[in-house]
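User: I am new to this structure and would like to understand the terms used to describe it. Please set each value against its definition.

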Amino acid sequence: MTDEPLLVENGEAIAVADVPLLGADAFRAFLLSGIAGGSRVAALFAHPRETATPSKAATEIWVVLAEAETASLAFARRSVEGGSFPSLTPACPQVHLFEREIAEETGLVPEGHPWLKPVRFPGTGGAAGPVGVMDFYTIEGEAGHEVAVGPVHAGVIEPGHFRFQCHGEVVQHLEISLGYQHRGIERNLVEGAPTRIMHYVETLAGDSSIGHATAHCHALEGLARVHAPAKAQFLRAIALELERLANHVGDLGALAGDVGYLPTASFCGRLRGDYLNMTALICGNRFGRGLVRPGGVVFDVDEAMCAELLARLTVAERETREAIGLLWDSHTVMSRFTDTGKVNAETARIIGLVGPAARASGLSADVRTDFPKGAYRYSHVPVSTWETGDVFARAYVRWLEIQQSLRFLRDELRELPGGAVVGQPGPLLPDHIVASLVEGWRGEICHVLRTDGAGRVVRHKVVDPSFHNWFGLALALRGEQISDFPLCNKSFNLSYAGFDL
Amino acid sequence: MSSSILVRLRQGRRTTKYPKGAVPALPARFRGLPQFDLALCAPDCAACAEACPTEAITLGPDPSLDLGRCLFCPDCTRACPTGALTFGADHRLATRRREDLVLPAVSPDTGTTGTLRRAEALGAELRRLLGRSLKLRQVSAGGCNGCELDTNVLTTIGWDLGRFGIQFVASPRHADGILVTGAISENMRVALLKTWEAVPAPKIVVAVGACAISGGPFRGHQEVLGGLPGLPDHAASDPAGGREYPLLAAAATPGGARPDPAPFRSGAESIPAALPIDLYVPGCPPHPLTILDGLLRLLGRLQER
């Protein structure tokens, strides 16, 4: 073991012993200098440290930094003895939620954390009380008031609790309290039945089944030092881009609906289904459940199916262009989208935004380009960005990405490699750790898996892009009116299930 | 404005003619009602049951597959060495009773899969009240958002749920019932019960998806209750037998006394032994057509098929 942080590729497993075990100061310096150098925190989590003497039990805190410039991931860890550790949040705000998560899961206190609230209210064994009961940020004074919404919302959507701290009509701050979808997936990924693992992964966030399943399978294949067959890698990417298309098109329709522009809302609501049905054509399920498995994919696509997909894409692309083009030509839509819910680039960088939300604030961050894996090593998808950081930017980046995804699908369906689609994952390396990143439609999906001496997975950390981005929504609302919340919310369209796990 | 009219003309009329017209086409690989051929089973083979993530398959003298647990994943059919278990194309999966979801496998002498007792219509009185206007409050409680998404799809122009008088409403006070998704997380228990309580009687309960019916992939987790109750294993552990919960008195007798709401608030009790579930729609998630089929059957609008 050296003290030099180890740089590895996306999905490349390394021996735990090779990850530097840093002192508290060195760990802090490693993380802060990485962030200053342009890296992001992909994962930060605690894991019990195995010791020969149980009385000396300690916890290790692990960090995975994503360094786009070198397309590499940097691992480091530190040991925590006793009940607390100095919080890094004041110096590095993007770890605020990771540290709250560590506190909730282990009881360790990050000393100096500015606001140590619960994350998911796991209820059993944790320090958190009943769900939704916490020390909310409040404002005081004349004309100051609070509006509480949820967990049951007005639409057919997931549960969450929001508190708007308002002065008059203006939202000063939005407090978001989640955990209502908490179903214990992370623990059961390790302790539960092996037959359920892929189903847990596919239901982490139900609209990102392909993204999470691919990230998980890349991690397992990294730990087994195998690669899925080339055709399987391309079919995973095709399914991932179909997932992106369905959700981006659906989101643009929903954004249109939220400003009362019904043509695009109606057209896109239907078109979203057309893309989901293309996924179902491949694997029988509209959300891609059952397609991606360790070693490859379960369903093959022959020439006839490629032709069918291309024919459907041609029609869907024309109709999508028309439906979405109406948005940019409608001044009522544009006036509602423009300058609403702004997050500037500096804020986005500091809080660690990912995905279209980050790119809409001008950050050039996309796993497909920065940490390419699988088919994206061979077929580049350009990064789509916009500078304004408002609802318009988050909508327009989606439209840019829709066009890139369509192009990718057209190209790859015409030149799909041949050969097998199913491989064998093989046994996992003992005492190794791997971090796997995938650019889901919401942004960076991260799975970190660690094995023990027998090659069994003893830790499976999941970071859904929503975990990074919910705080971005809170900041976007500042200075806006409550009536713009649905619009801002939809422009992020974050997952409750993926956050709550 | 003119361009929006042109686009509107080109996009065309897209609402399915179903149920008056043909059933919308489903993909060839769609996994609907399972089919068994026990004659093909190798002796002592239990590959399908061992591969099943949710213990939905029971082998032995009375083999069966519990559609309420089934995720309609390909794990069992991939594990089966002889093709004895396959998924058919039939999307009509909804039932009125939990036990009806336990699909008997073939008996070796008849060679046919047991039939699914599909959902029957509500009673005459409820059908008179709700048959042409059913307002539902959706409660999402401990799932993945898949069922919510494919329920919401029914409100798009492709399906136009509103033409059947079925609508999702923003308040339980406006609703005739609840449509529940998710494995019922501990953290949603109180909110679910409060929502149910807020719906005026008479009211119905629709359970959509494996999670709401049985807990789905999360069944057995300490963080969830394993779906809406009403399952045999829930009823067995409940001394009241599942249906006699005082909170439900108002639902059982329209206009009856309002039950004491206290148990909802303490947070200490388990979920009432059984919200009286009127419709079970299996799947992970169910196809929109399967959900629509169930709702229309419940309202007596698909009896012949």
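User: Why is I5(B) called partly exposed?

Analyst: The relative accessible area of I5(B) is 45%, so the residue is partly exposed. The term buried means under 20% relative accessible area, exposed means over 50%, and partly exposed lies in between, with a 1.4 Å probe and protein chains only. Please note that this is a predicted model, in which local features need pLDDT of at least 70, side-chain atom pairs count only at pLDDT 80 or more, and totals for chains, interfaces and linings use all residues. Residues are numbered from 1 along each chain as its sequence is written, chains are lettered from A and ligands numbered from 1 in the order in which they are written, and side-chain values use heavy atoms, with hydrogens and water left out.

User: Where is I5(B) found, and what does it form with L6(B) and L9(B)?

Analyst: I5(B) is found in helix 1 of chain B. Helices (H or I, at least four residues) and strands (E, at least two) are DSSP runs, numbered from the N terminus. Together with L6(B) and L9(B), I5(B) forms a nonpolar surface patch with about 310 Å² of accessible area. Patches are made of residues with over 30% relative accessible area and no salt bridge; like charges are joined within 9 Å, and nonpolar side chains (Val, Leu, Ile, Met, Phe, Trp, Tyr) within 5 Å. Accessible areas come from the Shrake-Rupley method with a 1.4 Å probe, and for residues only the protein chains shown count as cover.

User: Which residues form the positive surface patch, and what makes K17(B) exposed?

Analyst: The positive patch is formed by R13(B), K17(B), K20(B) and R163(B). Lys and Arg count as positive and Asp and Glu as negative, while His and the chain ends are not counted. The place of a charge is taken as NZ of Lys, CZ of Arg, CG of Asp or CD of Glu. K17(B) has 62% relative accessibility and therefore counts as exposed. This lysine is found in the loop between helix 1 (2-11) and strand 1 (34-36) of chain B.

User: What makes R77(A) and E60(A) a salt bridge?

Analyst: The closest N and O atoms of R77(A) and E60(A) are 3.1 Å apart. A salt bridge is a side-chain nitrogen of Lys or Arg within 4 Å of a carboxyl oxygen of Asp or Glu, so the pair qualifies. It links distant parts of the chain, with R77(A) in strand 6 (residues 72-80) and E60(A) in strand 5 (residues 58-67) of chain A, 17 residues apart. R77(A) is buried, with a relative accessible area of 7%, and E60(A) is buried at 2%. Over all chains, the count comes to 52 salt bridges.

User: How do you know that the salt bridge of D150(B) and R286(A) joins two chains?

Analyst: The closest N and O atoms of D150(B) and R286(A) are 2.8 Å apart. D150(B) lies in helix 5 (residues 146-152) of chain B, whereas R286(A) lies in the loop between helix 7 (262-283) and strand 12 (292-293) of chain A, so the pair joins two chains. Both residues are buried.

User: Why are D411(A) and R407(A) said to be separated by about one helical turn?

Analyst: D411(A) and R407(A) form a salt bridge, with their closest N and O atoms 2.9 Å apart. They are 4 residues apart in helix 13 of chain A, which means about one helical turn between them. D411(A), at 31% relative accessibility, counts as partly exposed, and R407(A) is partly exposed at 24%.
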